[in-house]
Amino acid sequence: MKIVVVICASGSDRTALDVCVGECQRQIDPIMSEGEYSFEIVTPADAQSLLSSWHSDPSSAPDLILWLSSPFLIKEGTVLSFIENSEFLGHRALLVGTVTGRSGAIVHGGWSRKGRLVEPDPVIPVPCHTFDPCFLMFPGSILRKLSSPSDIFRNSFYEYAAGSRLVQAGIPRVVAPGIAAVTDIDPVPSVWKDPSRPMLERSFAFLKHSFRDLVCSIHSLFV
C-alpha cells in the first residue's frame, strides 16, 4: 500500500520544513521496515503539481494521503496512529488531525454541526461534520468520488469549515484520536468561522477570505 505524505505551505521557514520532514521520515522508517507500506514525502515545491495530476487522473492518486497544510511539529506516533485508524475504518473515511498551539488550545481540527471544534478522544476516532483542511489522512478512493481534489479543501461559509462536498458525497469524516501536531503560532480564529459573531460581520469576513483565496489561485496560474 502506497502512502504519500504531502507537506504544503510554500515560503515556510526552511528549518521548520526540515524538522517536519525529518520527523515524518523518523516515524515512517519502522513502518516501512515491515514491508506492508511504502512512502513518499512531497514538499511544497511539488504539492500543487500533485493536486493537478490527481485532478487530471484521479486513478493516479495513491492508496493513502497524509496532508499537512504547514510543516507542523508532529507528535510522536501520529503517523502510525493515523494508518491504524484508517485501516480500522476500512480506508473509507477522511481522518482529521487535531492541531494545538503552544498554549495547548486547539486551533485546527474537526467541527461539529453547530460550528464548534470537536475535542478528540484519546483512543477512538470521533465523528465530525466538517473540518479544517490542515492535517488530514484520506484514501485516494475519495478523490474519485469528488469532482475535484480541491473539493476536500474548499471552505463553506454555512458549514464554518471545509468538507461540505464530502458531506454531500456521503464520505465519513472523523477526528483521529489524540493530538496530532503542534503549531508554533496560536492563530486568532477566523471571524467567519465563529458562529457567535453577527451574521453580517461573518459575511463580510467570508467575502474577504474568499477574495484572498481567489487572488492566490489566479496568481498561482501565472507565476
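A nonpolar core is a set of buried Ala, Val, Leu, Ile, Met, Phe, Trp, Tyr and Cys residues joined through side-chain atoms within 4.5 Å. Here, buried means under 20% relative accessible area, exposed means over 50%, and partly exposed lies in between, using a 1.4 Å probe and protein chains only.

The structure above is a predicted model, where local features need pLDDT of at least 70, side-chain atom pairs count only at pLDDT 80 or more, and totals for chains, interfaces and linings use all residues. Residues are numbered from 1 along each chain as its sequence is written, and side-chain values use heavy atoms, with hydrogens and water left out.

Let's start with the cores. The largest one holds 28 residues, and Phe39, Leu66, Leu68, Phe82, Ile83 and Phe135 have the most contacts inside it. Among the elements that each supply at least two residues of this core are strand 1 (2–7), helix 3 (78–88) and strand 11 (173–182). Helix 1 gives the most, with five residues. A second, separate core has 27 residues, including Val4, Leu51, Val118 and Phe153. Helices (H or I, at least four residues) and strands (E, at least two) are DSSP runs, numbered from the N terminus.

| Residue | Location | Relative accessible area |
|---|---|---|
| Ser86 | helix 3 | 1% |
| His91 | loop between helix 3 and strand 5 | 18% |

Leaving aside neighbours within four places in sequence, Ser86 is in contact (heavy atoms within 4.5 Å) with Leu64, His91, Leu95 and Met137. His91 has a positive phi of about 50°, although His91 is not a glycine.
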